[in-house]
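User: I would like to learn how to read a few features of a protein model. Please give the general idea each time, then the case here.

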Amino acid sequence: MSGLRYLFTHTIKNRIKQLATHPGQLILYLVFAAILVLTLVGGALQTQEPGKTFGSLSEVTAMAYVLYLFVFVSICLRGLSSGASFYSMADVNLLFATPISPRTILFYGLFKQLGTSLLVGLFLLFQYGWLSNVYNLSLGGLGVILLGYAVTVFAAQLTSMVIYSFTSGSDGAQRVVRTVLYLMIAAVVAAVAYPLLADQSDLLGTAVSAINGPVPSLFPVAGWLGAMVSGAFSGQLLPCLGGLIATGVFIAALVILLLKSRADYYEDVLQATEVSFSAITAQKEGKMAEAMPRNIKVGKTGLKRGRGPSAFYYKHLLENRRSRVFLFDMTSLIFLTISVVFGFFLREEGLLPILIFSAYMQFFSTVTGRWARELSLPFVYLAPGSPFRKLVMICGETMLKTAAQGVLLFAIIGVIQQAAVWDIAACMIAYFTFGLLFIAGNFLVERLCGTLVNKVVVITLYFLVIIVLCLPGILLGVFAAMLLPAPVMLMTGVLLSAGWNLGVSALIAYLCRNILTYAELNNK
């Protein structure tokens, strides 16, 4: 046990010492800490406005339940194919070969994963501003949601490990587990959909009541922790303690099952550890790897269309056809679903909060698009054609997807909020221009950084560049909207901000038009 304690404490000490030799990481941490402090302070000040009415906290518990359910189900489904791991390759090299009991190593991994889950959930703290403004949610209430999220991630990882350990050698067992999981999800969907079909007079209130109802609360972990959050907000001790106790018993049962049935459990999670290590290493080196399915169905092959630089555009369309669900890939569908749910709960606040939130979500999806992966490959530099035309063509698929996402998202949100047609169209245009600005910002950082190896510095610089590029357009739209009457205030302000984004994106694209003339060896 002293060896594990030594490993854990010295790992933390070494990470702290690394900040002295990696100032880029320290800058990144300070930037995010400053943003977090501003978010928490701003949210606390907003609640002090006199005479302001707030939404019901039952809506917050419903959103927390949906988040827990999505996280738990997605991690468990991933466990059916690749498993999960609490360990890093360093743990594999230092612990798995030592004469330490597998049971002791398991508890070390559990303790380490619980801390990691808490760190992963810190992104929820950045939502305190709008949650405090709309629902008067206290910081303690947000802490309860954060605790529930961390426990959900922890329990989902453990469940995924157990599922993989017992089903990795049997396709039939995997089908049974997947079917049971889908049936439980169908029961939750039916429990929410039936009241909505029966009473459509108040869709929001009916949906919230159904999500907080008894059937969804029976779903393992997600439902129990959702009941815990609901009980904490309403002051009811029984559901709060019941959810915590049920989750604790579930986690203890999984640990006992893993220890009693598979003493050499860590051999089952070695593959998941290696996959995770490869992904982390690729990110540190600036490489962007795309997850490939284990079973590939071959359909149409060949580009059929495209000549010169346009071949990259049709290549990306073909790759999308192989990985998409309906019109969008899974990542886009997840972001769209989250934005629609956000808009449904904030339908009384108008389109502007939805535009801000969707642009925030779009930031993460745009920077990991196919065009970014293309920059790390040599083919785009070697292909004949104008560098600027190649630059446009590798971004064509992302621009098309961004436009489709904006149209679909704000068409749905516009119907939910019964907004004016011109406001909906303005938000669609602004959403598209934000996508262009995010792409242009990446081009600018590529030009500025060149062969810089420290990717933490690159990410920090990119984040700051996007803020600097967006801020003038946002301020221009706000100042213009303050001088205009209410019917055209939103449309004019949003269109002015969109115009700024479009102009800045075009200017950056022109200044960086020769970026593909020579290969930028950022990964060397």
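User: How many disulfides does the rule give here?

Analyst: A disulfide is a pair of cysteine sulfur atoms within 2.5 Å. By this rule the count is zero. This is a predicted model, where local features need pLDDT of at least 70, side-chain atom pairs count only at pLDDT 80 or more, and totals for chains, interfaces and linings use all residues. Residues are numbered from 1 along each chain as its sequence is written, and side-chain values use heavy atoms, with hydrogens and water left out.

User: Is C427 buried or exposed?

Analyst: Buried means under 20% relative accessible area, exposed over 50%, and partly exposed in between (1.4 Å probe, protein chains only). C427 counts as buried because its relative accessibility is 0%. C240 is buried too, at 16%.

User: Which residues are buried in α8?

Analyst: Helices (H or I, at least four residues) are DSSP runs, numbered from the N terminus. An α-helix has 3.6 residues a turn, so residues three or four places apart point the same way. In α8, the buried residues are Q174, L181, V188 and V192.

User: What is the phi of V221, and where is V221 found?

Analyst: The phi of V221 is near 65°, a positive value in a residue other than glycine. V221 sits in the loop between α10 (214-217) and α11 (222-234), and V221 counts as buried because its relative accessibility is 0%. N136 also has a positive phi, near 55°; N136 lies in the loop between α6 (128-135) and α7 (139-167). With a relative accessible area of 38%, N136 is partly exposed.

How values were computed
Helix = DSSP H or I, 4+ residues; strand = E, 2+ residues; numbered from the N terminus.
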